[in-house]
Amino acid sequence: MTPIDTTFNASTRFVNHRLHLGVCGSVACYKAADLLRAWHKLGIHVSVTLTAAAQRFVAPLLFESLGAMPVYQGMFSPGDNIFAHLEPGQSAEAYVIAPASADALSRLVHGAASDMLSAQALAFDKTLIIAPAMNPRMWAHRATRANAALLQERGIVIIEPACGDTACGNEGQGRLADLSDIFLAVLRALAPQDMAGRKVLVTLGPTREPWDGARFWSNPSSGRMGTAMAVCAWLRGAEVTAVCGPGEAIWLPPGIVRINVGSAREMFAAARDSWPQMDMGMFVAAVADFFPKSLGPDKFKKSETPQGFSIEFCPNPDILQTLAAHRRPDQKLLGFAAESTPDMESLLPLTREKRLRKNADLLAANRINAQGSGFGSHTNRMAVIDAHGHEVIWPEQSKADVAWDLCSWLLRI
Ligand code: CTP
């Protein structure tokens with residue numbers, strides 16, 4: 001499994017953006033190669049600077065081979081432009097240092113320009129993102145904490161180290177942060193901030209409706225489409241609250257407020273409580289329409305009814321429809337629909353009817369019985385309809401690209 005696994009690994013919306021990656025001497029610097037690969041795969045141009053200490057761990061050739069251009073090695077390396085220390089500030093839109101050493105934090109605090117990485121950071125006036133990695137005692141030291149706090153005060157994004165065991169054999173906070181967090185923090189710095197200031201509620205994943213102490217009724221939703229919507233809105237600057245049903249594939253960056261729920265009634269309660277503060281609602285969850293009447297908190301034994309048995313089902317609240325009925329005029333709602341139709345065209349009348357019934361501004365429907373679409377898939381093919389009568393059928397796209405286009409559409413209406 002790749003160490004970077006987000007719904008945005010397959011986005012096509014970052015092609016030709018420019019990023020500069022600084023790498024300091026740390027055991028974690030081999031992980032910078034994975035980050036470079038993931039950004040490069042999105043079509044982002046990445047230039048790299050390795051400090052002298054980093055070059056003791058990894059060779060510049062590794063980064064060159066993975067597509068970085070150029071790879072700076074020192075202040076006065078032969079062949080470098082004399083103004084190489086100014087180049088990232090002119091060409092890159094964001095500068096990320098991962099891993100950043102304690103020494104690099106100290107140099108950045110003091111505005112040192114004694115090595116290429118620090119000089120380039122000093123001459124960089126756009127978003128700077130720093131992901132420190134070091135021994136836990138070094139990270140806990142007051143000097144390091146004060147340096148990190150001061151950099152944060154200056155508007156630099158600090159992605160704090162993770163807890164766990166470090167290569168030096170100690171336990172504590174010091175490991176390089178989750179690579180998916182670093183990967184997405186950089187995409188956020190590159191993305192248009194056209195959803196800044198908006199509060200967005202997303203429901204996602206399946207719900208589980210228990211009918212005894214050991215079993216539940218559910219559906220195969222992976223939560224991927226909802227995750228893509230939540231991450232997309234966050235990348236574009238929104239404040240996102242995600243109400244998540246249970247799901248293995250549901251990973252969200254720490255910047256998103258996450259509320260975990262089990263049943264549809266729990267999801268309804270969490271969504272209803274947050275709704276008055278929201279500007280937009282994206283209802284992506286595959287909510288069970290009915291819950292089975294529980295047979296009690298204990299495990300139901302088959303010996304009790306060897307001939308089989310029936311369970312009574314009761315309707316769950318419709319979250320989207322209820323919150324749409326209690327909306328302020330400025331609140332926008334996006335609904336989804338999972339249908340089984342023979343083709344995309346026959347989705348359209350069902351989608352029209354569902355959008356109207358649920359009073360959604362936008363409704364995006366897919367076919368659960370088509371390849372490259374629906375539950376568990378990494379891609380989706382959507383029919384989308386808005387309240388002004390605009391209708392489209394999109395070609396198959398990654399869920400990240402579908403989310404991107406739906407966010408843009410919601411902003412337009
Ligand atoms: N939805 C919801 N609460 C429910 C059921 C559905 O919020 N109890 C939302 C879904 O998140 C989705 C939309 O309503 O955005 C449509 O869901 P779907 O299951 O396709 O439609 P249903 O209302 O269940 O209608 P039907 O079963 O007839 O297709």
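Tutor: Helices (H or I, at least four residues) and strands (E, at least two) are DSSP runs, numbered from the N terminus. Helix H1 is followed by Gly-43, whose phi is positive, near 85°. The model is predicted: local features need pLDDT of at least 70, side-chain atom pairs count only at pLDDT 80 or more, and totals for chains, interfaces and linings use all residues. Residues are numbered from 1 along each chain as its sequence is written, and side-chain values use heavy atoms, with hydrogens and water left out.

Student: How many helices and strands does the chain have?

Tutor: The chain has 14 helices and 22 strands. Its C-alpha atoms fill a box of roughly 80 × 50 × 40 Å, taken along the principal axes.

Student: Which residues of H1 are buried?

Tutor: A residue is buried under 20% relative accessible area, exposed over 50% and partly exposed in between, with a 1.4 Å probe and protein chains only. In H1, Lys-31, Ala-32, Ala-33, Leu-35, Leu-36, Ala-38 and Trp-39 are buried. Over the whole chain of 413 residues, buried residues make up 52%.

Student: What covers the buried residues of H1?

Tutor: Contact means heavy atoms within 4.5 Å. The cover includes strands S1 (18-23), S2 (45-50), S4 (94-100) and S8 (171-175), together with helices H3 (60-65) and H9.

Student: At what angle do the axes of H1 and H9 cross?

Tutor: Axes are lines fitted to C-alpha atoms, for helices over the stretch in contact, and angles run from 0 to 180 degrees between N-to-C directions. The axes of H1 (residues 31-41) and H9 (residues 179-190) come within 10 Å and cross at roughly 45°. H1 is therefore oblique to H9, since angles under 35 degrees count as roughly parallel, over 145 as roughly antiparallel, 65 to 115 as roughly perpendicular and the rest as oblique.

Student: Which residues make the contact?

Tutor: H1 contributes Lys-31, Asp-34, Leu-35, Ala-38 and Trp-39, while H9 contributes Leu-179, Ile-182, Phe-183, Val-186 and Leu-187. These residues divide into 8 nonpolar, no polar and 2 charged. Here Ala, Val, Leu, Ile, Met, Phe, Trp, Tyr, Cys and Pro count as nonpolar, Asp, Glu, Lys and Arg as charged, and the others, Gly among them, as polar.

Student: Is Lys-354 buried or exposed?

Tutor: Lys-354, in helix H13 (residues 347-358), is buried, with a relative accessible area of 16%. Not counting residues up to four places away in sequence, Lys-354 touches Ala-337, Glu-339 and Leu-363.
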